[in-house]
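Try each task before you read its solution.

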Amino acid sequence: VKEHLGTDGKGKVLVVDGGGSLRNALIGDMIAENAVKNGWEGVIIYGACRDVDELAKLDIGVVTLGCVPIKSVRRDEGQLNIEITFGGVTFRPGDYVYADNNGIITSPKPLL
């Protein structure tokens, strides 16, 4: 997550399947600040975050299952540009993602 959000993300949303775990946070304020600097629009994590109050102040959308103060251990296990499904939503590379406080939807073409 950290490495990928450190790359150019102009107009993109990173979707992460954290297995629904609330044991460790996969994003915090410093990683999110870096994502903002690199133009990312948002991050959707099927897992946890930390630094919730600071995340809310940043100009980036962050959706997670919950929060926990424990940061994750880097394992270099991530895969990029694969189809993943969680929460009843299938995310495909290149799809458009729309999220608000009510939920998340995807579309192969722009809806707005």
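This is a predicted model: local features need pLDDT of at least 70, side-chain atom pairs count only at pLDDT 80 or more; totals for chains, interfaces and linings use all residues.

**Exercise 1. The order of elements**

*Solution.* First take the inventory, which is three helices and seven strands.

**Exercise 2. Positive phi**

Find the loop that holds Asp51 and the loop that holds Asn81, then decide whether each residue is buried, partly exposed or exposed.

*Solution.* Begin with a reminder: most residues other than glycine have a negative phi. Asp51 has a positive phi near 60° and is not a glycine. Asp51 sits in the loop between strand E2 (42-49) and helix H3 (52-57). Its relative accessible area is 28%, so Asp51 counts as partly exposed, a class that lies between the cut-offs of 20% and 50%.

Now turn to Asn81, which is not a glycine either and has a positive phi of about 55°. Asn81 belongs to the loop between strand E3 (61-67) and strand E4 (84-86). With a relative accessible area of 68%, Asn81 is exposed, because the cut-off for that class is over 50%.

**Exercise 3. The overall globule**

Check whether the radius of gyration of the protein chain agrees with that of a compact globule, then describe the surface and charges.

*Solution.* For 112 residues, a compact globule would have a radius of gyration near 13 Å; the protein chain has 13 Å, so the two agree. Along the principal axes, the C-alpha atoms fill a box of roughly 35 × 30 × 25 Å. Buried residues make up 25% of the chain. Among contacts with a separation of 6 or more, 51% come from residues 24 or more positions apart.

For the surface, the chain exposes about 7500 Å², with carbon and sulfur atoms supplying 49% of that area. For the charges, there are 12 positive and 15 negative side chains, and the centres of the two sets lie 3 Å apart.

Terms used. Residues are numbered from 1 along each chain as its sequence is written. Side-chain values use heavy atoms; hydrogens and water are left out. Helices (H or I, at least four residues) and strands (E, at least two) are DSSP runs, numbered from the N terminus. The radius of gyration is taken over C-alpha atoms; the globule rule is 2.2 Å times the number of residues to the power 0.38. Buried means under 20% relative accessible area, exposed over 50%, partly exposed in between (1.4 Å probe, protein chains only). Contact means heavy atoms within 4.5 Å. Accessible areas come from the Shrake-Rupley method with a 1.4 Å probe; for residues, only the protein chains shown count as cover. Lys and Arg count as positive and Asp and Glu as negative; His and the chain ends are not counted. The place of a charge is taken as NZ of Lys, CZ of Arg, CG of Asp or CD of Glu.
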